[in-house]
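User: I have a model open and would like to go through it with you. Can we take it topic by topic?
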Amino acid sequence: MGLQADIGVDSNLKLDSKTGKAMAKRNKENYNLFAEKLEQFMKTSEMREGYFHKGRENQQKEINFHDAATDRVASFNKKTGEFISFWKMNRNQRKEFIENNNVI
């Protein structure tokens with residue numbers, strides 16, 4: 001989303017241990033930029049209801065905003081409105097989302 005990357009003391013990018021991708025710096029500027037870009041994304045995306053982690057112990061009803069051109073999705077808890085996550089879906093996630101409105 002164009003956020004400032006976090007740099008470690010060794011002058012290298014800090015990478016997420018799960019994805020290996022660069023992590024964003026946790027500061028006020030990035031927070032405000034993320035909130036602004038997320039709001040823009042929601043305005044230009046299709047809204048759909050479904051479940052986050054369908055079939056798992058931590059499943060929750062959600063509202064999704066999906067951009068079919070990029071396969072990015074932003075998820076929010078339906079009951080509380082709390083932000084859950086924003087990411088680009090892989091092929092299996094996209095199939096489950098399109099066919100069943102669920103994010104797995």
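User: Which residues make up the largest nonpolar core?
Analyst: This is a predicted model. In it, the largest nonpolar core consists of seven residues: Leu38, Phe41, Ile63, Phe65, Ala74, Phe76 and Phe86.

User: Which elements give two or more residues to this core?
Analyst: Helix 1, strand 2 (60-67) and strand 3 (72-77) do.

User: What does Ile63 touch, leaving out residues up to four places away in sequence?
Analyst: Ile63 touches Met47, Arg48, Glu49, Ala74, Ser75, Phe76 and Lys78. Of these contacts, Ala74 and Phe76 are also members of the largest nonpolar core.

User: Switching to His66. Where is it found, and is it buried or exposed?
Analyst: His66 is in strand 2. Its relative accessible area is 3%, and because the cut-off for buried is under 20%, His66 counts as buried.

User: What is it in contact with, beyond its neighbours in sequence?
Analyst: Leaving aside residues within four places, His66 is in contact with Phe41, Ser45, Glu46, Asp71, Arg72, Val73, Met89, Phe97 and Ile98. With Asp71 there is a polar contact between the side chains, at 3.4 Å.

User: Now Lys78. Where does it lie, and how accessible is it?
Analyst: Lys78 lies in the loop between strand 3 and strand 4. Its relative accessibility is 40%, so it counts as partly exposed.

User: Which residues does Lys78 touch, not counting those up to four places away?
Analyst: Glu49, Lys61, Glu62 and Ile63. The side chains of Lys78 and Glu49 are joined by a polar contact of 2.6 Å. Glu62 is 16 residues from Lys78 along the chain, and their C-alpha atoms are separated by 4.4 Å.

User: Last topic, pockets. How much space lies in the largest one, and which residues lie nearest its centre?
Analyst: The largest pocket holds about 1,000 Å³ of space. Its lining has 25 residues, with Leu3, Ala22, Met23, Ala24 and Phe86 nearest the centre.

How values were computed
Residues are numbered from 1 along each chain as its sequence is written. This is a predicted model: local features need pLDDT of at least 70, side-chain atom pairs count only at pLDDT 80 or more; totals for chains, interfaces and linings use all residues. Side-chain values use heavy atoms; hydrogens and water are left out. On a 1 Å grid over the protein atoms alone, a cavity is a set of points where a 1.4 Å probe fits but cannot get out, and a pocket is an open set with protein on both sides within 12 Å along at least five of seven lines; lining residues have an atom within 4 Å of a point. Grid points are joined across faces, edges and corners, and a volume is the space filled by probe spheres set on the points. A nonpolar core is a set of buried Ala, Val, Leu, Ile, Met, Phe, Trp, Tyr and Cys residues joined through side-chain atoms within 4.5 Å. Buried means under 20% relative accessible area, exposed over 50%, partly exposed in between (1.4 Å probe, protein chains only). Helices (H or I, at least four residues) and strands (E, at least two) are DSSP runs, numbered from the N terminus. Contact means heavy atoms within 4.5 Å. A polar contact is a pair of N or O atoms within 3.5 Å; within protein, one must be able to donate a hydrogen and the other to accept it, and residues adjacent in sequence count only if both atoms are side-chain atoms.
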